[in-house]
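Please open the model in your viewer and keep the sequence panel beside it.

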Amino acid sequence: MNQPAQKDSVAVLDRDMAGKNLSGYWRLGMEGLPQQPMTSVEPCLWKWPDVYGSLLRAGELISLENSERRVVRLVNPGLNQQLAFATHTIQISFQYVKPGENARAHRHTPAALRFVVQGSGAYTTVNGQQCTMDPGDLILTPKLTWHDHSNESKEPIVWLDGLDFPLVTALHQVMQERYPERRQPIEKSSEEAIDQLGAARRHNLPLADFFHYKWRDTEPALHGLARSLSVRDRFDGYLLEYRNPLTGGPTMTTIQCALQLLPPGDKTESHRHTSTTIYHAFRGRGATQIGERVFEWEQGDSFVVPLWHDHRHWNRSAAEEAILFSMSDAPALKALDLYREEESAIDERR
Ligand SMILES: [Fe+2]
Ligand SMILES: [Fe+2]
């Protein structure tokens with residue numbers, strides 16, 4: 001006796017398709033995509049005493065003999081807490097190396113940058129170039145460059161690490177290798193490499209040779225910029241972008257670094273963009289309004305402006321300048337033709 005034919009339905013179709021690794025578009029509730037880009041990354045501020053206090057405690061508890069690096073990561077409350085990422089594209093952390101210590105040589109696919117916060121005389125070696133670290137210096141370790149950190153000075157050093165780790169993770173490209181020795185040999189100083197990069201250059205200079213922006217060079221450039229009222233950007237104040245001197249392009253393939261100076265009392269207009277920016281207050285104190293919220297920052301604090309969030313900055317001091325160091329994922333978005341920005345009008349909150 002034949003079985004009666006089962007009446008077909010959406011539920012039966014969904015069940016049968018699930019068994020064949022198929023799914024109907026109607027199940028996703030995607031009849032209307034969002035009208036604006038959406039992110040789960042939350043605006044967030046990390047206070048320096050919390051970061052620095054944690055680094056000092058880690059300095060007592062974590063040994064570089066047993067741990068690859070002594071690093072405290074900034075964790076965005078809107079993202080998977082286990083991954084401990086500050087944004088969906090860029091990871092930020094702070095690293096602490098005590099006198100006499102060495103963080104062993106390795107290389108990895110995530111690209112990294114170091115912005116020195118305090119301490120002088122330690123060095124990072126990148127592909128044989130010794131980059132001696134002073135406050136305000138920016139040192140690049142692009143993807144798959146060998147790097148190790150040594151502190152032969154008499155004081156601890158602290159720097160900010162920025163990596164495109166979340167982006168490289170999303171692309172399933174994360175890998176790391178250890179150098180056969182704890183330290184790589186030093187072949188030259190970064191100053192020698194910088195000296196080769198004048199307007200007239202050696203024939204066939206390799207493109208991967210530039211890793212070090214010295215504060216002693218960027219600081220006069222920033223203050224020189226701030227003397228020309230006409231070049232003030234209405235959204236960012238006096239903005240200096242770290243360009244690759246060999247290509248004229250962004251700091252690294254995936255990250256644009258910048259410094260911005262806000263004169264005493266300066267207040268910018270608001271805008272928004274599809275890139276996400278992480279700021280570190282290097283000098284001074286101020287506030288940044290992100291949407292409806294105002295984040296008060298002081299020297300050493302870090303904060304995130306998520307994509308497509310209206311934001312504006314102001315310097316809270318009537319006498320002192322404020323300097324923000326920033327990292328943006330704009331180069332990655334531009335490469336994918338996803339970058340947009342527009343001015344916006346938000347009610348000023350104080
Ligand atoms: Fe590394
Ligand atoms: Fe912005």
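Which residues lie on one side of strand 15 and which on the other, and are they buried or exposed? Select strand 15 (residues 256-262): Q256, A258, Q260 and L262 lie on one side, C257, L259 and L261 on the other, and all are buried. Buried means under 20% relative accessible area, exposed over 50%, and partly exposed in between (1.4 Å probe, protein chains only). Strands here are DSSP runs of E with at least two residues, helices are runs of H or I with at least four, and both are numbered from the N terminus.

This is a predicted model, in which local features need pLDDT of at least 70 and side-chain atom pairs count only at pLDDT 80 or more, while totals for chains, interfaces and linings use all residues. Residues are numbered from 1 along each chain as its sequence is written, chains are lettered from A and ligands numbered from 1 in the order in which they are written, and side-chain values use heavy atoms, with hydrogens and water left out.

Two strands count as paired if DSSP finds at least two bridges between them. Within this pair, Y238 stands opposite L261.

**The iron ion (ligand 2)**

Select ligand 2, an iron ion coordinated by the NE2 atoms of H271, H273 and H311 at 2.1 to 2.3 Å. Donors are N, O and S atoms within 2.8 Å of the metal (3.2 Å for Na, K and Ca); water is not among the atoms, so sites may look incomplete. Along the chain, these donors follow the spacing H-x1-H-x37-H. H273 in strand 16 (residues 271-273) and H311 in strand 21 (residues 311-315) are 38 residues apart, and the pair links distant parts of the chain. Both H273 and H311 are buried.

**The iron ion (ligand 1)**

Move to ligand 1, an iron ion held at 2.2 Å by NE2 of H106, H108 and H147. The donor spacing in this site is H-x1-H-x38-H. H106 belongs to strand 4 (residues 102-108) and H147 to strand 9 (residues 147-150), so the pair ties together parts 41 residues apart in sequence. H106 counts as buried at 4% relative accessibility, and H147 is buried at 1%.

Now display the open sheet of six strands, ordered 11-4-9-6-7-12 with mixed pairing. Strand 11 (176-178) and strand 12 (188-189) stand at the edges with a single partner strand each, so one side of each has no neighbour in the sheet.

Zoom in on strand 6 (residues 123-126), which pairs antiparallel with strand 7 (residues 129-132) over four bridges. Between these two strands, T124 is the bridge partner of C131, and T125 stands opposite Q130. The two strands form a hairpin with two residues between them, and N127 in the turn has a positive phi of about 45°. Strand 6 also pairs antiparallel with strand 9 over four bridges, where V126 has H147 as its bridge partner. Colour the side chains of strand 6: Y123 and T125 point one way, T124 and V126 the other, and all are buried.

**Last stop**

Finally, select W26, in the loop between helix 1 (10-18) and strand 1 (44-46). At 45% relative accessibility, W26 counts as partly exposed.
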